[in-house]
Amino acid sequence: MGQGSSREDSSSASESSSASSSRRSRMKQRLPRRRHRSRSNSSSHHKHLAAEDFVGIALLSLLRAEMKFKDKWLACLSFGEQTFRTHTSDQTDKPVWNAEKKLLLDKNGPRVARISVFETNKMHKNTLIGYCEIDLLEFLTRELESDSSPECETLNLLDPSSPDKVVGEISVSISVEDPIETEKSFARRILSIVDYNEDGHLSLSEFSDLITAFGNQVAANKKEEMFKAADKNGDGVVSMDELADLLAIQQEKEPLINCCPVCGETLEVPDKLNHMIHLSLCFDEGTGKQVMTGGFLTDKQANYGWMFKLSEWAHFSSYDVGLNSGSSGSHILVFDRRTKRLVEELIDGKIALSMRAIYQSKLGLGLMDTGAKELLQSISEKQGRKMNSVESAKDIPTFIEFFKDQLNLAEVKHPLEHFKTFNQFFVRELKPGARPVACPERDDVAVCGADCRLTAFRSVDDSLRFWIKGRKFSVQGLLGKDICSSTFIDGTLVIFRLAPQDYHRFHSPVSGTVEQFVKVPGCLYTVNPIAVNSKYCNVFTENKRVVSIISTAEFGKVAFVAIGATMVGSITFLKKEGDHVKKGDEFGYFSFGGSTVICVFEKDAIEIDEDLLANSARSLETLVYVGMKLGVSKKQANVGLPNLQNCVLQD
C-alpha cells in the first residue's frame, strides 16, 4: 500500500545522525547540574512538572539473573513511591524475566531505582536474597556521552545483611527518551490500535476512528486536513511514522486529547508537557504493554504470597501512606529521604497485634490503669538486665538476620566479635565520617539528631492534626511546668522516632551550651505510631523522659527531650550542664528498645525543610540520618543568608 512520501528516502541516514546529535543536545540541557538537592519530593505517575524540571522517561528492563542456587524467582523494582514486580520464574538458577517499566525522571524527584530479587518459597512471605541500586541519571549521562546505543549491563546483587557480599548477578537495560521522542513514541503506540490490518499504514477511515475516540470536536473537524498533510503523494494511506510526527506537532500547537483514553482523567488544556507524560505512562499500563505489575508501594508488599493477599481482601491487613489506626493499619510505611523511596518498617506481626489490642482500645488502656503500667516497668527493667548479660550476645545474629536489609554492618566501628553483650551491639558506634554533618561551619543550619523516622510540624496544633492523637498532649505537659516558657508554647515540634534496628546514639541538632537536665518520671509505653496515634493515651507526656535545654545564638533556647519506652533499659547522656556542644556532636544513647527524641524550638526560630513538613502533613514519617539538614534559623534569614547550595543531603 502507500508509497512515495510515506517511505524514507536516501537521506535518512544523515538525518538520523543529525537527529541523534540534536537529541543529545536537548537531553544534556535537561540534566541537573548538581548531584544533590536539599529538597526531597515524592514522585508518581501523575505528578505535575514544570518544563525545566522534566528530564525524560526511562525505560528500565529486567532481563535475567544468575543466582547461586535453584528456586522460583521474582524481582521487584522500587522507585519513589512506586514498586513493580515481574512474573515468577520457573525453578532455575538462571531466571529470565524480560520485564520492563517506564519511569518518570525529573530534576527534583527520585533518581535511584532499587532492584530486589526474592526466592518464592513461602506461602505468606518470600525471602529477599539480593539487591542492587541504580542511579538512573548516571546511566542517562553515560548514554549521552557515548555514541553507541544503550546495551545490556550486568550488575552485582548484594546480600542485604552484608553489602560487600555478592549473591548473584542481574542483567538490565536502560534507555531514556527525550520529550519529543516520548511524544512520538506515544503517538505510534496509540495509532497502532486502529491499524486494523497491521501493515504499518493507516487509511483515512482508520485515522478517523481514532480521532473520533478522542472526543475532541475541534480535532474531529480537522482530521481530514491533518491526514492530507501527511499523505503527500495522495494515494490515500500514510506511514505510521509520518502520521506520528504530524500528531506530535499538532499536539504541541493544540492538544487533540483532552481526556485520557485509559483512566478517564481530564487533562488540563494548557499543560502540554504533562499531557504527554500522563498519556505515555498511563497508556502503557492500561493496555498491558508493560510486563511488570504495578500498584505496590514497597517491595515487601509486592513479594508477599497468597496468604497476605487473602488477609488484605478480608481487611485484616492493608497498605497505605499515612495514619492507619485500628486493625487495618498493619504495616508502617516511611519515606526514605536519602533514596526518595517508600520503605516498610519491620515489626513482628504478633507484637503489632498486641500493641493494637492495648493502645487502640479503651479496654486495653483500662488494663493499664489496673497495674499493667507497673508490669511494663518491671518487664523493661528485667529485659535491660538480660541484654547486659554475656548470654545475650547469642541474640545478635538473630537480630541482624531479621533486620538484614535495614542494617549496614559496613559502617559499624567495631567487628561483631567485639560486642560481648547484646546491649553493647545495640548502642554500637559508627566509623568516623559515616554520618557527615550538613554545612558544618554554619551554626544557623540545624541538623537531624538521630537515625530515625522524623515528623516535623510548625506548631503543636499541626502535630495534633496530622500525627499525635492523644487528647491531652501539650508542650507544657511534655517539658514540665519548671522548664516550659511562653516562647515554647507555639513553637516548632520535631519528633525523631528510633526503631530497634536504628543506630541508637543521638546527637545535638544545634550548636550551643547545655543549660540544664531535668528528669521527669513516668510510664514506659511504646513509642510506636500505633500508640502515638491512639486517642486513648498520651505517650509523650506520660512516658519517662529527660528534658535538656540548649542555649544557642541562632535559635534561642532549644528543648531536647529524650523519651524512654517499653524495653528501653536506660537513657545515658554524654554531656553535662555547662558543656558546649557543636551540632552533630554525640549527646547520648538509648539502651535496648526503640525510643524517641523530641526537639521543641521557640516560636519563629527555625524554618524546617519543606520536604519534611510536606511528608508530615501527609502523616508520613521521613527516614533520616544523623547530620542531614533539618532547617535554617529564621533569625539569620531575616538579616540575609548566603547561598545554601553547599548544604546538601548526604548519600
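Across the whole of this predicted model, a search finds 21 salt bridges. One of these joins Arg-435 to Asp-451, with the closest N and O atoms 2.7 Å apart. Arg-435 belongs to the loop between helix H13 (422-426) and strand E14 (445-447), whereas Asp-451 belongs to the loop between E14 and E15, so the pair ties together parts that are 16 residues apart in sequence. Both Arg-435 and Asp-451 are buried.

A further salt bridge is formed by the side chains of Asp-604 and Lys-634, at 3.8 Å from N to O. This pair links distant parts of the chain, since Asp-604 is found in the loop between E24 and strand E25 (606-608) and Lys-634 in helix H20 (residues 634-638), 30 residues apart. With a relative accessible area of 49%, Asp-604 is partly exposed, and Lys-634, at 24% relative accessibility, also counts as partly exposed. Through salt bridges that share partners, Asp-604 and Lys-634 are joined with Arg-458, Glu-607 and Glu-610 into one network. The side chains of Lys-576 and Asp-579 likewise meet in a salt bridge, at 3.4 Å from N to O; here Lys-576 counts as exposed, because its relative accessibility of 54% is over the 50% cut-off.

Turning to the strands, an open sheet of 10 strands with mixed pairing is found, in the order E13-E12-E26-E15-E16-E24-E20-E19-E18-E22. Strand E13 (341-345) and strand E22 (580-581) are the edge strands, each of which pairs on one side only. Within this sheet, strand E16 (residues 492-498) and strand E24 (residues 595-601) run antiparallel and are joined by 7 bridges, and Leu-493 has Val-600 in E24 as its bridge partner. Helix H19 (residues 610-617) lies across strand E12 (332-336), strand E15 (452-457) and strand E26 (621-624), and runs at about 90° to E15.

Among the helices, H5 (residues 217-230) comprises 14 residues and, at 1.5 Å a residue, should span 20 Å, a value with which the 20 Å between its end C-alpha atoms agrees. Lys-223 is itself buried, as are Ala-219, Ala-220, Met-226, Phe-227 and Ala-230 of H5. In general, an α-helix has 3.6 residues a turn, so residues three or four places apart point the same way.

Notes:
Residues are numbered from 1 along each chain as its sequence is written. This is a predicted model: local features need pLDDT of at least 70, side-chain atom pairs count only at pLDDT 80 or more; totals for chains, interfaces and linings use all residues. Side-chain values use heavy atoms; hydrogens and water are left out. Helices (H or I, at least four residues) and strands (E, at least two) are DSSP runs, numbered from the N terminus. The expected span of a helix is 1.5 Å times one less than its number of residues. Buried means under 20% relative accessible area, exposed over 50%, partly exposed in between (1.4 Å probe, protein chains only). Two strands pair if DSSP finds at least two bridges between them. Contact means heavy atoms within 4.5 Å. Axes are lines fitted to C-alpha atoms, for helices over the stretch in contact, and angles run from 0 to 180 degrees between N-to-C directions. A salt bridge is a side-chain nitrogen of Lys or Arg within 4 Å of a carboxyl oxygen of Asp or Glu.
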